[in-house]
Amino acid sequence: MSTAVAAVSAPAKGMEKIRRALTGGHPLLYVQSWEEPRIERLVQHLAKTFFGQPVPFGVWSVVDGLLVDGMPIPETRDPMKALDAILQASGKGFYMLKDFPASSDARPEIVRRLRDLYRGLKDRGRHVLLLSPRLAIPEDLKKEIYVVEYELPDEVEISRIIDASVRRRLGVEAIDDSAVRRLALAMRGLTADEIGHLLGKVFAVRKGFDESAFLEVLAEKEQMSKKEGVLEFVPPRFSVEDIGGYDTLKTWLRKRQALFSREALDAGIPIPRGILLMGISGCGKSLCVKTISTLWNLPLFRLDMNAVFGTENPESTFLKALRSVEAVSPAVLWIDEIEMGVGGYREGGDAAMSRIFSGFLTWMQEKSALVFVAATANRIQLLPAEIIRKGRFDQVFFVDLPTEEERKQIFTIHLRKNRCDPARFDLVFLSKATKGWNGAEIEQAVVSAVVESYSEARPVTEDDLHRVISATVPLAVTMEEQIKAIKSWAHDRALNASTAQKM
Ligand SMILES: Nc1ncnc2c1ncn2[C@@H]1O[C@H](COP(=O)(O)OP(=O)(O)OP(=O)(O)O)[C@@H](O)[C@H]1O
Ligand SMILES: [Mg+2]
């Protein structure tokens with residue numbers, strides 16, 4: 001049996017789980033996986049070999065209905081009808097149901113029929129596999145359904161795939177063990193199919209491994225993650241010293257600096273799950289997130305909720321992105337504009353959004369410990385209360401307009417960045433003149449002054465800054481009402497990121 005299964009060269013761990021469940025006689029399996037084509041081939045293969053002689057192989061989807069060995073069974077697009085057909089079939093068989101609506105909001109008659117199916121098929125050699133990228137089974141079915149999580153391949157499995165494809169084709173000497181390990185690490189986060197294609201492509205034109213092969217793999221991988229278009233690697237460019245103010249937040253981050261290590265994990269120290277930064281636009285939320293990866297020395301991936309909603313199937317895109325980050329953990333996942341994804345959860349919101357929201361909450365609860373989530377939001381009125389109550393963030397921070405002292409620090413930082421000596425400027429005066437300004441506006445003022453003076457081929461003066469400052473109307477003035485509302489909303493719900501009192 002096991003050699004036959006190995007013949008389709010799927011990730012051994014996932015395969016083994018499915019095989020064990022089948023040997024255990026479970027009639028109803030729920031396979032949680034992104035790798036639909038691969039699982040389909042696996043089930044087809046099982047139908048041919050599992051019982052020593054071929055048995056029927058059925059596939060159901062809401063588009064095509066039920067097809068058994070390629071033959072459509074009429075009028076089975078309705079999931080109830082499909083279950084009836086499987087129940088009434090005779091003999092052994094394997095049936096794979098794609099995206100079957102057995103989620104927690106499933107029609108009650110479907111839940112009922114699945115339970116009938118369990119009883120009807122038990123010990124008959126007829127197996128039904130529900131396949132979906134996300135796990136959401138109704139409470140009533142938890143006893144009957146056996147869940148198999150079919151994860152993305154880990155490094156061991158990827159090494160095995162490299163062995164099977166590259167070494168078998170080009171010989172063992174084509175790639176040495178340390179190169180296999182490097183490649184395997186670089187290819188984490190891809191499905192087994194993607195790994196296979198990528199290796200095929202890279203080694204089609206080579207006799208063995210060299211540095212250019214490695215670079216090509218990295219480039220391809222980046223291309224693939226771009227194809228999904230919602231997850232972006234953010235290179236570490238900023239450090240905590242680039243943030244003016246927000247001492248409470250900085251202290252919080254520094255205290256947890258050493259927690260994302262093997263030692264801390266082994267010592268059983270609870271690892272933080274995530275933080276939510278909310279607050280006024282241009283105050284440095286994104287900047288703060290970018291510094292976490294530098295401080296903690298972890299890769300940072302940004303998930304763009306706007307882009308998620310631009311895809312054909314936002315829900316599956318979102319969940320797939322979450323899984324991909326787990327596959328490359330330890331890592332920081334930055335969910336920018338999280339309110340975009342969860343805002344619709346409130347009354348009148350559309351169903352996809354509320355599913356994304358509940359999917360997110362479940363994932364936050366079950367996710368790998370080594371993914372730290374840093375979420376940012378500025379239209380916080382759109383955030384449902386549950387994201388704070390049940391979102392399982394370790395801390396919710398409110399990022400307010402900078403205080404006078406903080407504005408001094410922000411001026412210092414941006415003057416230095418623009419090669420101006422802060423000692424030449426009256427920082428107290430500048431920061432008093434920019435009451436109600438956000439960090440982005442201060443940065444912009446410095447940049448404008450630098451550009452101005454450069455065009456006249458002279459160093460920046462305080463006058464340049466004052467001219468820009470008096471010509472600018474900060475957001476806080478044009479949006480006074482909104483900002484007041486944001487502040488009062490955040491007051492009881494979040495910890496102020498700054499220690500200093502407002503002035
Ligand atoms: N506290 C600060 N210290 C230093 N620079 C700051 C600070 N706040 C903002 N800036 C500057 O302003 C830029 C824009 O800020 P950032 O994009 O992080 O704000 P944001 O809160 O994420 O805004 P939005 O809600 O619009 O996304 C930063 O890249 C940084 O250069
Ligand atoms: Mg931002």
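**Entry 1: domains 1 and 3**

I began with the area buried between domain 1 and domain 3, which comes to about 580 Å², with carbon and sulfur atoms giving 59%. Buried area is the accessible area (1.4 Å probe) that two parts lose on being put together, summed over both.

A note on ground rules: this is a predicted model, where local features need pLDDT of at least 70 and side-chain atom pairs count only at pLDDT 80 or more, while totals for chains, interfaces and linings use all residues. Residues are numbered from 1 along each chain as its sequence is written, chains are lettered from A and ligands numbered from 1 in the order in which they are written, and side-chain values use heavy atoms, leaving out hydrogens and water.

I looked up the domain bounds, which come from an automatic or database domain assignment: domain 1 (2-149), domain 2 (155-228), domain 3 (234-399) and domain 4 (404-472). How many residues of domain 1 are in contact with domain 3? I found 4 residues of domain 1 in contact with 6 residues of domain 3, contact meaning heavy atoms within 4.5 Å. I then looked for salt bridges across this interface (a side-chain nitrogen of Lys or Arg within 4 Å of a carboxyl oxygen of Asp or Glu), and the rule finds 0.

**Entry 2: one sheet**

Next I traced an open sheet of 7 strands in the order β4-β3-β2-β5-β6-β1-β7, with mixed pairing. Strands are DSSP runs (E, at least two residues), as are helices (H or I, at least four), numbered from the N terminus; two strands pair if DSSP finds at least two bridges between them. At the edges I found β4 (71-72) and β7 (146-149), each pairing on one side only.

Inside the sheet, β1 (residues 28-32) runs parallel to β6 (residues 126-132), over 5 bridges. There I noted Val31, whose bridge partner in β6 is Leu131.

**Entry 3: another sheet**

I followed a second open sheet, also of 7 strands and mixed pairing, in the order β8-β10-β11-β12-β9-β13-β14. Its edges are β8 (231-234) and β14 (495-496); each has a single partner strand, so one side of each is left without a neighbour in the sheet.

β10 and β11 run parallel, joined by 5 bridges, and Arg302 has Trp334 as its bridge partner in β11.

**Entry 4: a salt bridge**

Searching the whole structure gave me 30 salt bridges. One of them joins Asp336 and Arg302, with the closest N and O atoms 3.1 Å apart. Why does this pair tie together parts 34 residues apart in sequence? Because Asp336 lies in β11 (residues 331-336) and Arg302 in β10 (residues 300-304).
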